[in-house]
Amino acid sequence: MNYDQRTREYVARQTAEGMAKKDIVRCLKRFVAREIYKHPPHKTRSTTPLPQTT
């Protein structure tokens, strides 16, 4: 809430509308969660061991 310009503007708008800081933080957390889950996770290697060849 201190560094990103878009977030500061959002907080200012919501504060002007009478929203409590606690509720603003809750909304910001929801927004971040939506942004994160838009992107699929990276595929990782399987953790199963490879067969041993001797």
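Where is Ile 24 found?

Mentor: Ile 24 is found in helix 2. Helices here are DSSP runs of H or I with at least four residues, numbered from the N terminus. The model is predicted, so local features need pLDDT of at least 70, side-chain atom pairs count only at pLDDT 80 or more, and totals for chains, interfaces and linings use all residues. Numbering starts from 1 along each chain as its sequence is written, and side-chain values use heavy atoms, without hydrogens and water.

Start with burial. Ile 24 has 1% relative accessibility, so this residue counts as buried. Buried means under 20% relative accessible area, exposed means over 50%, and partly exposed lies in between (1.4 Å probe, protein chains only).

Next, the contacts. Leave aside the sequence neighbours of Ile 24 within four places. Ile 24 is then in contact with Tyr 10, Val 11, Gln 14, Thr 15 and Met 19. Contact means heavy atoms within 4.5 Å. There is also a distance to check on the model. Met 1 is 23 residues from Ile 24 along the chain, and the C-alpha atoms of the two are separated by 9.9 Å.

Follow one of those partners. Gln 14 has its place in helix 1. With 13% relative accessibility, Gln 14 counts as buried. Look past its neighbours within four places in sequence: Gln 14 is in contact with Met 19 and Ile 24. Met 19 is in turn one of the contacts of Ile 24.

Now take helix 1 as a whole. Helix 1 has 12 residues. From first C-alpha to last, helix 1 reaches 17 Å, close to the 16 Å expected at 1.5 Å a residue. That expected span is 1.5 Å times one less than the number of residues.

Which residues of helix 1 are buried? They are Thr 7, Tyr 10, Val 11 and Gln 14. Seen down the helix axis, these buried residues fall within an arc of 100 degrees, so they line one face of helix 1. The arc is taken from the directions between the helix axis and the C-beta atoms. An α-helix has 3.6 residues a turn, so residues three or four places apart point the same way. What do the buried residues of helix 1 pack against? They pack against helix 2.

Thr 7 lies in helix 1. At 18% relative accessibility, Thr 7 counts as buried. Not counting residues up to four places away in sequence, Thr 7 touches Met 1 and Leu 28.

Gly 18 follows helix 1. The phi of Gly 18 is positive, near 95 degrees.

Conventions:
Helices (H or I, at least four residues) and strands (E, at least two) are DSSP runs, numbered from the N terminus.
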